[in-house]
Amino acid sequence: MGGGRHNIAVSQPTWESIADWYAAKLAAGSPVHRWTVTTLLRELPDLHGQPLLDLGCGEGLVSRALAERGGHVTGVDLSERLLAHARRQEAARPLGIDYQLGDARALDRLPEGCVAGVVANLSINDMPDLDLVISAVRRVLRPGGWLVFTVPHPCFQTPHADWIMTPDGRPARLVNAYFDETFWRSANPQGVRRVGQWHRTLATYLNTLVEHRFAVTRLAEPQPDAAVAAMHRGWAEVPLLLLVHATRMP
C-alpha cells in the first residue's frame, strides 16, 4: 500500500466567504460595532442633504446610519455578497442608498468632486495600497471636503501583539515587530480578522494623508463604552481604535 501524503490546499477566509456570518453577527447585535459607529457619528458634521461616500460599506451598517441623519449616501464595496445583504436591507427599508461594487483604489464609477464627505469605518485597514486609496478619495472629494476613518489602533492592534499581566494584576499590551508593515490574519477561527488586514504604522497613515494634500484636523483614541470594556479588561487600558479626521486641501 502506498504511504504517500497528499497536500490539500485549504482556501483562506475572505470577506466574500464570511459575508453571511458577518451580516448575521451584526444583525444579532455587536457591542464593538455599535460603539464604533456611535464614536464615528460623533465626529461628523451636519450631514443633511450632503452627498457622502461610505468606503468599504460592507453590509451597510454605516451607510444606513449616515442616511438616517439626512445624508445622500453611496456605498462602495468589493464583496458582492456583502452588497447583496446591504441591498436587501435597502429594499426592506428604503433610505435612498446607492450600493456599488467597486475597488477603493480606483472608485472609477464615481466622478471627480462628487461627494462632500467620505467615511471609512474599519475598512481602510483591509485595503492594499493605501497610497492609491487616498488618491482615489481625494479625487472624488470636493475641495474642502472631509475624510473620517477608523482603523484598529496601529500601535496596539499589531500582528504579533499579545496580552500580559503586570505584577499588580493589570492587563498590558505586549507589542513587537511594529515596523513590519504587512498583511496578517488573526488565528481566531470565529473572529472578523481571520480574513486578514494590513498593518501600517501610525506615521504611514498620517504621512500618506499629508502627501495627498490632506490636513489632519483631528485624531481620537476613544475609550470603550461599558459594553465593550466588559468584553476584555485590556481594552480599558490601551486604545482599541484610532479615528482620523482629515480635510482635502486645494
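**Close-ups of a predicted model**

**View 1. Helix α5 and the residues it buries.** In this predicted model, helix α5 spans residues 130–140, and its buried residues are Leu130, Val133, Ile134, Ala136, Val137, Arg138 and Val140. So what do these buried residues of α5 pack against? On the strand side, the partners are β1 (51–55), β4 (115–121), β5 (141–152), β10 (214–220) and β11 (241–248).

**View 2. Ser79, in the loop between β2 and α4.** Here we zoom in on Ser79, sitting in the loop that links β2 (72–77) with α4 (80–92). Is Ser79 buried or exposed? Its relative accessibility is 4%, so Ser79 counts as buried, given that the cut-off is under 20%. Leaving aside residues up to four places away in sequence, Ser79 touches Trp15, Glu16, Ala19 and Leu101.

**View 3. Helices α2 and α3 crossing.** This one pairs α2 (residues 31–42) with α3 (residues 61–68), whose axes come within 11 Å and cross at roughly 40°. That angle makes α2 and α3 oblique to each other, and the crossing is right-handed.

**View 4. The contact of α2 with α3, residue by residue.** Which residues meet where α2 and α3 come together? From α2 we get His33, Val37, Leu40 and Leu41, and from α3 it's Leu61, Val62, Ala65 and Leu66. Sorted by class, that contact has seven nonpolar residues and one polar, with no charged ones.

Terms used:
Residues are numbered from 1 along each chain as its sequence is written. This is a predicted model: local features need pLDDT of at least 70, side-chain atom pairs count only at pLDDT 80 or more; totals for chains, interfaces and linings use all residues. Side-chain values use heavy atoms; hydrogens and water are left out. Buried means under 20% relative accessible area, exposed over 50%, partly exposed in between (1.4 Å probe, protein chains only). Helices (H or I, at least four residues) and strands (E, at least two) are DSSP runs, numbered from the N terminus. Contact means heavy atoms within 4.5 Å. Axes are lines fitted to C-alpha atoms, for helices over the stretch in contact, and angles run from 0 to 180 degrees between N-to-C directions. Angles under 35 degrees count as roughly parallel, over 145 as roughly antiparallel, 65 to 115 as roughly perpendicular and the rest as oblique. A crossing is left-handed if the near helix is turned anticlockwise from the far one by less than a right angle, and right-handed if clockwise. Ala, Val, Leu, Ile, Met, Phe, Trp, Tyr, Cys and Pro count as nonpolar, Asp, Glu, Lys and Arg as charged, and the others, Gly among them, as polar.
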